[in-house]
Amino acid sequence: MQPALNNQFPSRGIGRPQIVLLGNGLEYELQGSWDELVDALTAPELRGHVPKEMKDMPFPLRYEFLSTSPSMPYPLNGNSIALQNQQLLGAMKNMCHESNAYMKRLPELEADHIFTTNYSYCIEKGFNEKLDFTNPQTRSRRRFDLRKAERGNGPKVKQERTYHLSTGYSLTDGKHRPTGIWHIHGECGNSQGIILGHDKYCRLSSRIESVCDLPNAANTKRYHGHPEERRMLTFYSWPELFLFADVYILGLKMHECEFDLWWLLRRKQREQYADGRVYFYERRPTEGFSESRFRLLEAHGVLMEDVGHTTEDAYQEFYFDALDDIQKKIAIHR
């Protein structure tokens, strides 16, 4: 039997873990406009009264303003925080949880794990149309915890309720092999864990740094690149997996406010024993701010992939070609 990265996810090859990181670009046609969600997240008293210049503000800061009613007390009391949470939960209930042509391709990629910044369960639908992940019982049955695989009958691990760094969902691909699905910025079914405001981004980033520096973290073990040593590594969280894996990013703009992901990119670039690369898929722009972001990604060690497309090409065609390229790279790198 081959050594395993974790008991729930047997190694599919001698290479490093293969991870696909997806953003909301692949769900754009399902979810409607971002402005509709922002309006639903805004306190009723502020709707129609938000200064225009705030649109240029990084969204984590803007969200804290939009979600805070002018009538809320200082400091915020329990009722005020509960009201904000109810407002967020209400906005999440309007999200669509349906598959599309992109989601149906995901099982074919044979990735070890799929990370997503999306809150919906569209990816899960792409793996199994019959499952309803808005149902808590469905989520419970499919949930795994990387920490439990190593504990066995030892002390119980504390259940993650807000920031799910070690827990995700296990679904099988077309060859009946498990794939881990991770909502790294939270999910519709748990409004307390949704990462939108700068407070939650900072708390998440703090926890990411902590798990990457734990004494039993994968990055502290002796590993010098030999395939057999790599296969013996044990991972306890998605940030550890990110540091060691090959990561393929698609449909994610990587805005500067995603500072948890920017931190991981730099940490991965500086990691002494990790050798996985990051591939960022986007049509190549020719000018403006987007080109600056491309250069910023390259400075963080990211390899840019346009699969022969420019901004003049439709996103649909680009996404399908990008998925084809990801599938080929995963087969080679594993």
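Biologist: Leaving aside its neighbours within four places in sequence, which residues is His300 in contact with?

Modeller: Contact means heavy atoms within 4.5 Å. By that rule, and leaving aside neighbours within four places in sequence, His300 touches Trp262, Leu265, Arg266 and Gln269. A word on the source: this is a predicted model, where local features need pLDDT of at least 70 and side-chain atom pairs count only at pLDDT 80 or more, while totals for chains, interfaces and linings use all residues. Residues are numbered from 1 along each chain as its sequence is written, and side-chain values use heavy atoms, with hydrogens and water left out.

Biologist: Where is the place of His300, and is His300 buried or exposed?

Modeller: Helices (H or I, at least four residues) and strands (E, at least two) are DSSP runs, numbered from the N terminus. His300 lies in the loop between helix 13 (289–299) and strand 10 (302–305). Buried means under 20% relative accessible area, exposed over 50%, and partly exposed in between, with a 1.4 Å probe and protein chains only. At 11%, His300 is buried.

Biologist: How do I read a pair of packed helices?

Modeller: Two packed helices are described by the angle between their axes and the distance between the axes. Axes are lines fitted to C-alpha atoms, for helices over the stretch in contact, and angles run from 0 to 180 degrees between N-to-C directions. Take helix 2 (residues 34–41) and helix 4 (residues 78–93): their axes come within 8 Å and cross at roughly 150 degrees. Helix 2 and helix 4 are therefore roughly antiparallel, a label for angles over 145 degrees, whereas under 35 is roughly parallel, 65 to 115 roughly perpendicular and the rest oblique.

Biologist: Which residues make that contact?

Modeller: Leu37, Ala40 and Leu41 come from helix 2, and Gln87, Leu88, Ala91 and Met92 from helix 4.

Biologist: At what angle do helix 2 and helix 3 pack?

Modeller: The angle between helix 2 and helix 3 (residues 59–66) is about 40 degrees, with their axes 9 Å apart. That makes helix 2 oblique to helix 3. Here Trp34, Val38 and Leu41 of helix 2 meet Phe59, Arg62, Tyr63 and Leu66 of helix 3.

Biologist: How many residues does the largest nonpolar core have?

Modeller: A nonpolar core is a set of buried Ala, Val, Leu, Ile, Met, Phe, Trp, Tyr and Cys residues joined through side-chain atoms within 4.5 Å. The largest one has 42 residues, and Val20, Leu106, Ile114 and Leu250 have the most contacts inside it. Helix 14 (residues 315–333) supplies the largest share, 6 residues. A second, separate core of 38 residues includes Tyr201, Ile208, Phe235 and Met254.
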